[in-house]
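Below are some notes for a colleague who is meeting this structure for the first time. Please read them with the model open alongside.

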Amino acid sequence: MPSHISHALLAEDVAGDVGALTGVDPAPTDRLRAILVTGAQGPDFFLHNHRRKPRGFRYGALLHRKGNAPLLASLAHSAATGDREDLSAYALGYITHVWLDRLAHPYINWSAGWRGTPDSHPDRPAMHAFLERLIDVQYLRRHSDLSVAQYRFVDRLPRRAADFFRMRPALVQALRAALVSAADDSQLPRRLLNALHDGLGFYRYTEAPPERYFVLARHRERRGEVSSRWLSLVHPPESLISVDALNLEHREWAHPCDNARRSRQNFEELVAGARERSVRSVRIWQTAVEHPDAEHLRAILDDIGPENLNDGIVGDPPCRRTVCSPLPLIELYEEIKLHFERHTRA
Ligand SMILES: [Zn+2]
């Protein structure tokens, strides 16, 4: 998951592209736009399901490994026979999530490292999410010249998880088509709703926090009340970000699983690739909704393919990551915390 704002921006762009292509805006109302932005979070919603039980957390990890092609084919089948508008907006967003994750994760993993690599620093595992927040801030500025507070991500989401009640049977069915373990999970409808509730709560809680949030969080970390991970879950103040998270300098990087796959693409170019790929997939998906026969549903499976969302080159299991060259993120992480600590003492 590049972070939620990057995913939302891409989905909104692709919705515009597809509208321009077909003469139909797939997200003409606020409600549909909210469903589009939720779809754009893909399986990440499940990863925020920490509080409410039964939890759906594990589906977040599983769907980053497999099942997205059958999930989208199932949604097309449901859209053809029922709730077409909502499911079309949701699927469009979801498709953009798949492509952005696949194309951007190798760059993010290369630039952030992962647990134990390239060092065993206790904050290393948090650098992935931290970098994604930095990317959000810098990409939003380049894309729309807005700050995170001005973009108001939370206002783009559904106000209540209840907005999803109508779509829930189709989403449950899609998850069951995607994952064997979901097929015999009798609690799945509850887990799905819990993930939506907790996800909406998480986004609300972490949206553009004021300065005192950072000061207090640092204080609580010092007292051992919160984990050092807290800073990787919020967008840090733009003025404190001193790294080129978007790779505008075209630093060379490689796929973490394959040192020979080198690139100098920056994040904007990766998004452009995901946008192009998503438009193609959305059109194939829409055609299958118009003609929901075996051939057209098969076309979705072929188009989306089995590649996972974590490395984008193989299915399940993921490839073994071996190479990376992180940005000075640990240093920046510490610097930002110290900034707010000095602020407390002053
Ligand atoms: Zn993701």
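1. Helix α5 (residues 68-81) packs against α6 at an angle of about 165°, and their axes are 9 Å apart; axes here are lines fitted to C-alpha atoms, for helices over the stretch in contact, with angles running from 0 to 180 degrees between N-to-C directions. That makes α5 roughly antiparallel to α6, a label for angles over 145 degrees. The contact involves Asn68, Leu72, Leu75, Ala76, Ser78 and Ala79 on α5, and on the α6 side Arg84, Leu87, Ser88, Tyr90, Ala91, Tyr94, Ile95 and Val98. Two residues are in contact if their C-beta atoms, placed from the backbone, lie within 7 Å, and helices are DSSP runs of H or I with at least four residues, while strands are runs of E with at least two, numbered from the N terminus.

2. This is a predicted model, in which local features need pLDDT of at least 70 and side-chain atom pairs count only at pLDDT 80 or more, whereas totals for chains, interfaces and linings use all residues. Residues are numbered from 1 along each chain as its sequence is written.

3. The largest nonpolar core has 91 residues, and those that touch the most other members are Leu72, Leu75, Ala76, Ala91 and Leu92. Such a core is a set of buried Ala, Val, Leu, Ile, Met, Phe, Trp, Tyr and Cys residues joined through C-beta atoms within 7 Å. Helix α6 (residues 84-112) gives the most to this core, with 16 residues. Setting aside neighbours within four places in sequence, alanine 91 is in contact with Gly39, Leu72, Leu75, Ala76, Ala79 and Trp285.

4. Taken as a whole, the protein chain has 15 helices and two strands. Its radius of gyration, taken over C-alpha atoms, is 20 Å, close to the 20 Å that the globule rule gives for 346 residues, so the chain is as compact as a globular protein of that length; the rule is 2.2 Å times the number of residues to the power 0.38. Of the 346 residues, 45% count as buried, that is, with 20 or more other C-beta atoms within 10 Å of their own, against 12 or fewer for exposed and in between for partly exposed.

5. Where does arginine 52 lie? Arginine 52 is in the loop between α3 (44-47) and α4 (57-63), and is partly exposed, with 17 other C-beta atoms within 10 Å. Apart from neighbours within four places in sequence, arginine 52 is in contact with Asn194, His197 and Asp198.

Note on methods:
Angles under 35 degrees count as roughly parallel, over 145 as roughly antiparallel, 65 to 115 as roughly perpendicular and the rest as oblique.
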